[in-house]
Amino acid sequence: MALLMELKGENPFKIRAFKNGSQALESLGDDFHTLIAQQKITDIKGIGKGLAADIYELYETGKLDALEKLREEFPSTLFELFAVPQLGPKKIKVLFDVLKISSLVELEYACEENQLIDLKGFGEKTQDKIRKGIAFLKKTKGQYLYAEVIDEVQRLIEKMQDWREIEEISLAGSLRRKKETVKDADIVCASSSPEQVMKKFTTMEEVGSVLNHGSTKSSVILVTGLQVDLRVVTSQEYPYTLHHFTGSKEHNTEIRSMAKKMGLKVNEYGVFKGEEKIPCKDEREFFSLFSMSYVEPELREGRGEISLAKQGDLPDLIELEDVKGFFHMHSTYSDGRNSLEEMIQEAHRLGMSYVGVSDHSQTAVYSKGLKEQDIDKQHREIDELQKRYPDVRIFKGIESDILNDGSLDYPERVLKKFDFVIASVHSNFSMTEEAMTRRCIAAISNPYCTMLGHPTGRLLLGREGFAIDLPSILEAAANYNKVVELNANPHRLDLDWRMLDHARKHKVKVSINPDAHSVEGISHLRFGIAMARKGMLTKHHVLNTLDTSHIEQYLAK
């Protein structure tokens, strides 16, 4: 409603009321359904009688007449523009009113014709950013976050495992390699009754439509929109097929090249010496044929893993069980959905030995950043919670905004109060690479900075990271003995796993943090572990695999 009203040019006070109401509901700590049942929606700060009436209407009927009437005033394609970085309602309104642009195609054409350069509020730089934003959308179209689809596909596989026709089954492709974004899902199975398997697969209740129904390969679109490809082979072919459809193009090319030098031929059906097929019962035996140690699926990207496997130098990758605690979580003190106690309770339930509380700092007004009096209040509550939950060591921290000049968000007398400080960039992403690098190195050099949070600020499939010289950042972290975060939120997964080899080279400690804004968000740790494994991290590379006493010593330095 707020977006559409802004497009229409409605009263700004009305627009603000809907914006505030939306934010109030998003950060709601109480149970929404209970408030509805008790007719207490107006008890929520920011929701008055008028807005409450709209909420009840939407809740009870599933639609809102006022919203439907507003939608009718604009072409449906206009809403494509909201996905473009740099474009908000005000700019979209100008594009619509002045240039009559109402779709992504029209916007791209207008950029090509330089129609935005002389448009009020735009200019050449903005037009260039919009053009890049459109290119980014095209590149990411049809992709999914790993976290969005992995559980859905695993449930599908678990269901298929019970079919008597299936002897072996596994996830394959980029999902098995745990790539941060994927386009589809691949499943490989072994069966002596492939046609029966395919018939069952294409008629599963999870399937929305069938793209291709073959005797050994079928492709479907699930009701959720994800494409899933199934390949059925014999049990003798299964290890080779699974390896082939798991590895990246680069990994498989390197395997074939290596095999050729050994007088062997490798394809999805086997390893052959001349016409003779070399038997292999599983993937471990497959790798041993080439005198290699087993390569975990996450590593099969063609980034040096084959050479390391031949030398027997692949590391023992970190496991989720190695993590003893974490340092990045938000509560209702700032923009979290759950209270501090609820977050601690969940950490305790998960067996964490310690947690680091890190709500937003004062400059982050959009996220209810903590003023000094809020900090003191929170610290008193932490002291009380520490008595009630002695098994979980609660560290007092903050996620401090890195200001434009690289300074942290509080004076020294306030920074002294914290056990740790996560320094993060949350504003002015458009700085040059040199300026942003200088800004972050200045923060890293601050004696009160413990770690650098989400180092590029990226949002996967939504926003590319800001320009920054990461090798220089990691070198600075090493020089100042600071930690770099691997933010495990599936929208971030930042630091990128491809940069973790630089962290290892510089001996920089990495902290895998969930950046949890709810109790459910703590479970995002598993996605950070997946990226750490792709980056060949062991538990010795990761700060939060240390036990509580060693963490206390580390933070006391």
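Residues are numbered from 1 along each chain as its sequence is written, and side-chain values use heavy atoms, with hydrogens and water left out. Because the model is predicted, local features need pLDDT of at least 70 and side-chain atom pairs count only at pLDDT 80 or more, while totals for chains, interfaces and linings use all residues.

Let's begin with the open spaces. A pocket is an open set of points, on a 1 Å grid over the protein atoms alone, with protein on both sides within 12 Å along at least five of seven lines; a cavity is a set where a 1.4 Å probe fits but cannot get out, and lining residues have an atom within 4 Å of a point. Grid points are joined across faces, edges and corners, and a volume is the space filled by probe spheres set on the points.

| Pocket | Volume | Lining classes |
|---|---|---|
| Largest pocket | about 1400 Å³ | nine nonpolar, 16 polar, 11 charged residues |
| Second largest pocket | about 770 Å³ | six nonpolar, six polar, seven charged residues |

In these classes, Ala, Val, Leu, Ile, Met, Phe, Trp, Tyr, Cys and Pro are nonpolar, Asp, Glu, Lys and Arg are charged, and the others, Gly among them, are polar.

The largest pocket has 36 lining residues, and Glu26, Ser27, Asp335, Ser367 and His517 lie nearest its centre. Helix 2 (residues 12–26) gives the largest share of that lining, four residues. Helices (H or I, at least four residues) and strands (E, at least two) are DSSP runs, numbered from the N terminus.

The largest cavity has a volume of about 40 Å³, and its lining is made of His243, His244, Asn252, Ile255, Arg256, Val266 and Asn267.

**A helix pair**

Helix 19 (residues 433–445) and helix 20 (residues 470–479) have axes that come within 10 Å and cross at roughly 15°. Axes are lines fitted to C-alpha atoms, for helices over the stretch in contact, and angles run from 0 to 180 degrees between N-to-C directions. That crossing makes helix 19 roughly parallel to helix 20, a term for angles under 35 degrees. With contact meaning heavy atoms within 4.5 Å, Thr437, Cys440, Ile441 and Ile444 in helix 19 meet Ser472, Ile473, Ala476 and Ala477 in helix 20. These contact residues divide into six nonpolar, two polar and no charged.

Conventions
Parallel < 35°, antiparallel > 145°, perpendicular 65-115°, else oblique.
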